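Trainee: I am new to this structure. Please take me through some of its residues and contacts, one question at a time.

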Amino acid sequence: MHDLPELAAPIRKALGDTTPASVQFGEVSGGFIAASLEAVHQDALGVEEQFAGKFQEAFDSFQKAAELDPKFARAYTGMAAMALNLGKPGDAAKYMKLAMEHVDRMTERERYRNRGMFYYATGDWQNCVQEYTQLVAHYPADRVGQNNLASCFCTVAQRAKGT
């Protein structure tokens, strides 16, 4: 397994990036752990497809990433998110359970994100708020964490109002 930020530093430098390597590593530390660059590539395709609104294609890319690296928790998390987008909450919970089987291979950031997504997928809104609050406290630039925290807060508020 290669450390992707370590591989990227000389490429960034060759492209004219003057950001010190230590700062680069700090910006991405805790992103994710994978044993296969091809799995990471499939994950990246899934993210692109997700942001393009192509949820089934994204699911398929995340699934391919999981096939390439069965211990790649991020792939299962992507599958869970796409299952939610495709209106399959039961499948989302199933995929998050698979992701959580690999907690020992997760970075700290992944653990916060994945526990938050697990609680999101299973409808445990109080714990969802707690996990995403911790994530954004430790990683303030984590936009996914901020967005999901807002969603969890909204659901808690709606339930408190009885709507």
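Mentor: Begin with a definition: a residue is buried under 20% relative accessible area, exposed over 50%, and partly exposed in between. Keep in mind that this is a predicted model.

Trainee: Is Thr122 buried, exposed or partly exposed?

Mentor: Thr122 sits in helix 7, which covers residues 108–122. Its relative accessible area is 38%. Buried needs under 20% and exposed needs over 50%, so Thr122 counts as partly exposed.

Trainee: What distance separates the C-alpha atoms of Thr122 and Met96?

Mentor: Along the chain, Thr122 and Met96 are 26 residues apart.

Trainee: How many aromatic pairs does the structure hold, and what kind is the pair of Phe59 and Tyr95?

Mentor: The structure has 3 aromatic pairs. In the pair of Phe59 and Tyr95, the ring centres are 5.6 Å apart and the planes stand at 55°. Planes under 30 degrees apart would be stacked and over 60 edge-to-face, so this pair is tilted.

Trainee: Which helices does that pair of Phe59 and Tyr95 link?

Mentor: Phe59 and Tyr95 are 36 residues apart, so the pair links distant parts of the chain. Phe59 is buried at 10% relative accessible area, and Tyr95 is buried at 11%. Phe59 belongs to helix 4 (residues 55–68) and Tyr95 to helix 6 (residues 89–100).

Trainee: What kind of pair do Tyr120 and Trp125 form?

Mentor: Tyr120 is partly exposed at 24% relative accessible area, whereas Trp125 is buried at 15%. Their ring centres lie 5.3 Å apart, with the planes at 75°. Planes over 60 degrees apart meet the cut-off, so the pair is edge-to-face.

Trainee: Which cysteines does the disulfide join?

Mentor: The count is 1 disulfide. It connects helix 8 (residues 125–138) with helix 9 (residues 143–161), across 24 residues of chain. With an S to S distance of 1.8 Å, the joined residues are Cys128 and Cys152.

Trainee: How far from Cys154 is the nearest cysteine sulfur?

Mentor: Cys154 is partly exposed, with 45% relative accessible area. A disulfide needs sulfur atoms within 2.5 Å, and Cys154 is in none. The nearest cysteine sulfur belongs to Cys152, at a distance of 9.3 Å.

Definitions and conventions
Residues are numbered from 1 along each chain as its sequence is written. This is a predicted model: local features need pLDDT of at least 70, side-chain atom pairs count only at pLDDT 80 or more; totals for chains, interfaces and linings use all residues. Side-chain values use heavy atoms; hydrogens and water are left out. Rings of Phe, Tyr and Trp (its six-membered ring) pair if their centres lie within 6.5 Å; planes under 30 degrees apart count as stacked, over 60 as edge-to-face and the rest as tilted. Helices (H or I, at least four residues) and strands (E, at least two) are DSSP runs, numbered from the N terminus. Buried means under 20% relative accessible area, exposed over 50%, partly exposed in between (1.4 Å probe, protein chains only).
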